[in-house]
Amino acid sequence: MSTTLTETHPAITAENILTLFPEIDAPGDALSGYDEEQIRLMDEMCIVTDENDLPIGKASKKICHLMTNIDKGLLHRAFSVFLFNDKNELLLQQRATEKITFPDMWTNTCCSHPLSVAGETGSNLPDSIAGAKRAAQRKLDHELGIKAEQVPIENFRFLTRIHYKAPSDGKWGEHEIDYILFIKANVDLNINPNEIQDTAYVTADSLKAMFEDPKLKFTPWFKLICNSMLFEWWASLDNGLEKYLNEEEIRRM
């Protein structure tokens with residue numbers, strides 16, 4: 001067990017983590033039947049945090065996304081990128097059928113996780129924001145083929161963090177502290193079909209119309225963000241967004 005959850009802070013030992021999560025579930029057959037590449041990605045190590053977003057360890061994406069572990073309180077760090085073009089249209093993606101969690105659903109530009117690696121982990125808010133931005137740049141390339149020079153780190157703007165929990169199906173789900181990042185850039189796409197099956201640029205009004213279409217499904221974190229603050233932030237994208245940036249309090253949803 002200690003090889004699955006290990007400390008990322010010198011004051012926190014593997015024994016402490018096992019005290020917090022004494023019955024972590026890691027069934028060997030949990031990924032049976034899924035896409036081979038998506039199974040490989042489930043070995044990546046996420047940053048396990050407490051409810052105040054302080055890193056307390058690391059665990060594989062597989063372990064972090066099993067509902068049996070989520071229901072025991074296992075929580076990890078994530079990010080959500082909202083990329084707008086020069087017309088202030090938001091780039092959406094539809095997740096691939098191969099995805100293990102929330103397949104075929106529409107969502108914001110890119111949603112993933114900073115990993116428990118140098119440069120993406122932070123124990124204070126400025127370092128954690130910087131890590132989320134580096135992870136966002138990495139995943140924009142992996143999923144959408146957007147090269148780093150089109151989305152410079154310094155152009156990402158951090159708004160806030162949301163803490164939410166949502167099931168995907170009976171087995172998988174999310175329990176995350178999610179860093180919300182905005183960036184405005186005109187980009188070239190080279191879609192990874194194992195990650196994404198479709199993309200679309202939308203206006204605020206056309207996105208609201210999509211929500212009215214019963215044939216379309218959306219990820220729960222995207223709906224939470226849209227139903228709370230997205231449209232207000234979006235309206236201030238070119239004038240007044242500064243007052244929403246760098247929020248220190250975590251929004252609980």
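Student: What ground rules apply to the numbers?

Tutor: Residues are numbered from 1 along each chain as its sequence is written, and side-chain values use heavy atoms, with hydrogens and water left out. As the model is predicted, local features need pLDDT of at least 70 and side-chain atom pairs count only at pLDDT 80 or more, while totals for chains, interfaces and linings use all residues.

Student: Why is Ala-26 called partly exposed?

Tutor: Buried means under 20% relative accessible area, exposed over 50%, and partly exposed in between (1.4 Å probe, protein chains only). Ala-26 has 43% relative accessibility, so the label is partly exposed. Ala-26 is in the loop between helix 1 (14-20) and helix 2 (36-41); helices (H or I, at least four residues) and strands (E, at least two) are DSSP runs numbered from the N terminus.

Student: Which residues does Ala-26 touch, leaving out those up to four places away in sequence?

Tutor: They are Lys-62 and Ile-63, where contact means heavy atoms within 4.5 Å.

Student: What makes Phe-102 and Trp-221 an aromatic pair, and what is its geometry?

Tutor: Rings of Phe, Tyr and Trp (its six-membered ring) pair if their centres lie within 6.5 Å; planes under 30 degrees apart count as stacked, over 60 as edge-to-face and the rest as tilted. The structure holds 13 aromatic pairs. In the pair of Phe-102 and Trp-221 the centres are 5.3 Å apart and the planes stand at 90 degrees, which gives edge-to-face. Phe-102 lies in the loop between strand 4 (90-95) and strand 5 (106-107) and Trp-221 in helix 7 (residues 220-235), so the pair ties together parts 119 residues apart in sequence.

Student: How do you know whether Phe-102 and Trp-221 are buried or exposed?

Tutor: The relative accessible area is 1% for Phe-102, so this residue is buried. Trp-221 has 2%, so the conclusion is buried here too.

Student: Why is the pair of Phe-218 and Phe-222 called tilted?

Tutor: The planes are at 35 degrees and the centres 6.3 Å apart. The angle falls in the remaining class, because stacked needs under 30 degrees and edge-to-face over 60. Phe-218 and Phe-222 are both buried.

Student: What makes Glu-44 and Lys-61 a salt bridge?

Tutor: Side chains of opposite charge can pair when their charged atoms come close. The term salt bridge asks for a side-chain nitrogen of Lys or Arg within 4 Å of a carboxyl oxygen of Asp or Glu. The N to O distance for Glu-44 and Lys-61 is 3.7 Å, and the pair qualifies. Glu-44 is in the loop between helix 2 and strand 1 (45-49), and Lys-61 is in helix 3 (residues 61-65), 17 residues apart. Lys-61 has 9% relative accessibility and therefore counts as buried.

Student: How do you know that Asp-53 and Arg-161 form a salt bridge?

Tutor: Their closest N and O atoms are 3.0 Å apart. Asp-53 sits in the loop between strand 1 and strand 2 (55-60) and Arg-161 in strand 7 (residues 157-167), 108 residues apart. Asp-53 and Arg-161 are both buried.

Student: What about Glu-120 and Arg-138?

Tutor: The closest N and O atoms of Glu-120 and Arg-138 are 2.8 Å apart, and they form a salt bridge. Glu-120 lies in the loop between strand 6 (110-112) and helix 5 (125-144) and Arg-138 in helix 5, so the pair ties together parts 18 residues apart in sequence. Glu-120 has 8% relative accessibility and so counts as buried, while Arg-138 has 29% and so counts as partly exposed. Elsewhere, salt bridges that share partners join Asp-53, Arg-77 and Arg-161 into one network. The structure holds ten salt bridges.

Student: What makes the phi of Asp-104 worth a note?

Tutor: Phi of Asp-104 is near 70 degrees, a positive value in a residue other than glycine. Asp-104 is in the loop between strand 4 and strand 5. The relative accessible area of Asp-104 is 32%, so this residue is partly exposed.
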